[in-house]
Amino acid sequence: GDTVIPLYIPQCGECKFCKNPKTNLCQKIRITQGKGLMPDGTSRFTCKGKQIYHFMGTSTFSQYTVVADISVAKIDAAAPLDKVCLLGCGISTGYGAAVNTAKVEPGSTCAVFGLGGVGLAVIMGCKIAGASQIIGIDLNKDKYAKAKEFGATECISPQDFKKPIQEVLVEMTDGGVDYSFECIGNVGVMRAALEACHKGWGVSVIVGVAAAGQEISTRPFQLVTGRTWKGTAFGGNSLFVDNVPKLVTDYMSKKIKVDEFVTHTLPFDKINEAFELMHAGK
């Protein structure tokens with residue numbers, strides 16, 4: 001009877017990852033979850049007599065699902081489920097990348113590459129953290145108005161410049177941004193995001209997930225001269241059984257935006273249309 005949000009990274013509270021304040025990457029069921037199975041090695045789904053695997057430990061595109069007990073966060077029963085479900089990944093991932101992983105400070109300059117749901121959540125986190133300049137970067141200019149609604153101070157497209165976007169950002173910000181975030185999953189953009197950071201203290205956070213087997217590259221001198229390359233998953237060092245309910249409370253008290261992320265609401269039988277809208281950047 002409880003109202004819950006399922007978690008693709010669980011929180012067992014017992015493993016060395018859960019006990020370490022530096023991470024949120026609980027490993028208790030990682031191996032079986034990666035195989036699409038429950039912790040006991042079984043699948044609880046069948047279709048027409050055939051076994052079906054679980055997805056990301058949650059299988060939320062199913063009318064009914066079975067999850068590990070450590071993979072649910074109990075939330076405020078009054079919260080609207082069609083909105084707060086977004087806190088199960090995208091919004092909390094982007095928001096946490098800014099406030100937990102990067103630890104953006106008041107007055108800092110930030111660049112956010114990719115203005116989809118995750119990028120908008122990063123912008124929201126940067127704004128709440130007090131950043132003075134937040135530059136949104138995306139090829140799709142239709143996204144700029146929404147990005148500014150979330151807190152971007154300006155938006156630019158790499159296609160509008162003859163030089164690499166990192167050089168443009170370095171010139172715009174007197175040497176580079178304090179924090180940059182890659183929210184696409186493109187290894188070339190990851191390099192640009194790092195190289196757009198300020199010498200001596202710039203931090204670049206990889207939020208986007210690149211395709212399997214791809215590799216990142218930059219000149220070692222970029223790191224020798226004081227830049228930091230970091231990664232984040234599901235919002236960095238926050239434990240979700242504890243943290244997701246707090247995010248729901250923050251939403252209910254209007255500290256963070258959630259409703260504004262929703263552009264379309266489609267019935268379940270139009271799920272493929274929803275994916276097409278997402279891939280089209282709409």
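Seven nonpolar, five polar and two charged residues make up the lining of the second largest pocket. Here Ala, Val, Leu, Ile, Met, Phe, Trp, Tyr, Cys and Pro count as nonpolar, Asp, Glu, Lys and Arg as charged, and the others, Gly among them, as polar. The model is predicted, so local features need pLDDT of at least 70 and side-chain atom pairs pLDDT 80 or more, while totals for chains, interfaces and linings use all residues. Residues are numbered from 1 along each chain as its sequence is written, and side-chain values use heavy atoms, without hydrogens and water.

The second largest pocket holds about 230 Å³ of space. Its lining has 14 residues, and Tyr 8, Ile 9, Arg 30, Gln 33 and Gly 34 lie nearest its centre. A pocket is an open set of points on a 1 Å grid over the protein atoms alone, with protein on both sides within 12 Å along at least five of seven lines; a cavity is a set where a 1.4 Å probe fits but cannot get out; lining residues have an atom within 4 Å of a point. Grid points are joined across faces, edges and corners, and a volume is the space filled by probe spheres set on the points.

The structure has one cavity of 30 Å³ or more. The largest cavity has a volume of about 80 Å³. It is lined by 13 residues, with Ile 29, Leu 37, Met 38, Gly 57 and Ala 68 closest to its centre. Seven of the lining residues are nonpolar, six are polar and none is charged.

Now the domains. Domain 1 covers 4–89 + 242–280, and domain 2 covers 94–231; such bounds come from an automatic or database domain assignment. Their centres, taken over C-alpha atoms, are 26 Å apart. Seven residues from domain 1 and 10 residues from domain 2 form the contact, meaning heavy atoms within 4.5 Å.

Next comes helix α9, residues 240–252. Helices (H or I, at least four residues) and strands (E, at least two) are DSSP runs, numbered from the N terminus. Buried residues of α9 include Phe 240, Val 244 and Leu 247. Buried means under 20% relative accessible area, exposed over 50%, partly exposed in between (1.4 Å probe, protein chains only). Among the elements covering them are β1 (4–6) and α3 (90–102). Just after α9, Lys 254 takes a positive phi of about 65 degrees.

Last, Ile 216 sits in the loop between β9 (203–206) and α8 (220–224). Ile 216 counts as partly exposed because its relative accessibility is 42%. Beyond its neighbours within four places in sequence, Ile 216 contacts Val 187, Met 190, Ile 206 and Trp 229.

Notes. The expected span of a helix is 1.5 Å times one less than its number of residues.
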